[in-house]
Amino acid sequence: MRLFRPLSVFDSLYPEAVFRIKTTERRLLLTFDDGPDPDSTPFIIELLKQSGTRAVFFCSGNKAERHPELISVLKLHGHIIGNHGYSHLNGWRTSISDYLSDTARADEYTSSALFRPPYGRITFSQYHALKSKYRVFFWSLMPYDFDPSFGSMNSLKILKRKTAPGSIIVLHDSPSSCSRDILEEYIEFVISRGFSFSEIMQEPPLLSP
């Protein structure tokens, strides 16, 4: 079963985490996980540039260490870098000490302020230990762009059907993701429906647990 939104119980498990933007206006936040990647990141940057869209890139520390030039280009274009762990660990299968160490290792190459747990899987103890240092981000809409068996057209349909005021959308910055195939049409769609994209560093009051 595919869950396009986190289970509602997550709100109570992680009460200070960010799942959506606090607004009734047609505002969205676009985010990307798993980069940077020399095959996908430059393409995504160019697509975002065409529409003047800014996004948050939650980058894996090991990839950011290998491709610091891509991190620099993302920042140059006004995008925000977030921490997605160094090794993309599954928190449900990782000890708290290993998880915290892996997250801290990624700080140098990504961010020491914003964190998104890989797979969205983080234990309460891990979350409690991290939330005093990082703003922990989840999402409110995931179209399974990383899953080739779902298909790009289905991902695009989910995005168009379920985007709502305050949505935080997560796509993936990787060659296997269909994000490059659907991103341009999706941005055109939301703009035509009167939505705009928020920039979190300029608008922190919009963020809400």
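Reply: Happy to. One term to begin with: a residue is called buried when its relative accessible area is under 20%. Keep in mind that this is a predicted model.

Me: Thanks. Is serine 167 buried or exposed, then?
Reply: Serine 167 is buried, because its relative accessible area is 5%, which falls under the 20% cut-off.

Me: And where does serine 167 sit?
Reply: You'll find serine 167 in the loop that runs between helix H7 (152-162) and strand S7 (168-172).

Me: What does serine 167 touch, not counting residues up to four places away in sequence?
Reply: Its contacts are Ile21, Arg27, Leu28, Leu29, Ser140 and Lys162. There is also a polar atom of the serine 167 side chain lying 2.8 Å from the backbone oxygen of alanine 164.

Me: How far is serine 167 from phenylalanine 4, going by C-alpha atoms?
Reply: The two C-alpha atoms are separated by 12 Å, and the residues are 163 apart along the chain.

Me: Let's switch to threonine 53. Which loop is that in?
Reply: Threonine 53 belongs to the loop between helix H2 (41-51) and strand S3 (56-59). With 3% relative accessibility, threonine 53 counts as buried.

Me: What does the side chain of threonine 53 make a polar contact with?
Reply: The partner is the side chain of serine 51, at 2.7 Å. Leaving aside neighbours within four places in sequence, threonine 53 is also in contact with Leu30, Leu48, His79, Ile187 and Phe197.

Me: Since you mentioned H2, at what angle does H2 pack with helix H4?
Reply: The angle is about 5 degrees, and the axes of H2 and H4 (residues 68-76) are 11 Å apart. The two helices are therefore roughly parallel to each other, as angles under 35 degrees count that way.

Me: Which residues make that contact?
Reply: From H2 come Thr41, Pro42 and Ile45, and from H4 come Leu70, Val73 and Leu74. Sorted by class, that gives five nonpolar residues, one polar and no charged ones.

Me: New topic: how many disulfides are there in the whole structure?
Reply: A search finds zero.

Technical notes
Residues numbered from 1 in each chain as written. Predicted model: local features only at pLDDT ≥ 70, side-chain atom pairs only at ≥ 80, totals over all residues. Heavy atoms only, no water. Helix = DSSP H or I, 4+ residues; strand = E, 2+ residues; numbered from the N terminus. Buried < 20%, exposed > 50% of the residue type's maximum accessible area, 1.4 Å probe, protein only. Polar contact = N/O pair within 3.5 Å; in protein donor to acceptor, adjacent residues only side chain to side chain. Contact = heavy atoms within 4.5 Å. Axes fitted to C-alpha atoms, helices over the stretch in contact; angles between N-to-C directions. Parallel < 35°, antiparallel > 145°, perpendicular 65-115°, else oblique. Nonpolar A, V, L, I, M, F, W, Y, C, P; charged D, E, K, R; others polar. Disulfide = S-S within 2.5 Å.
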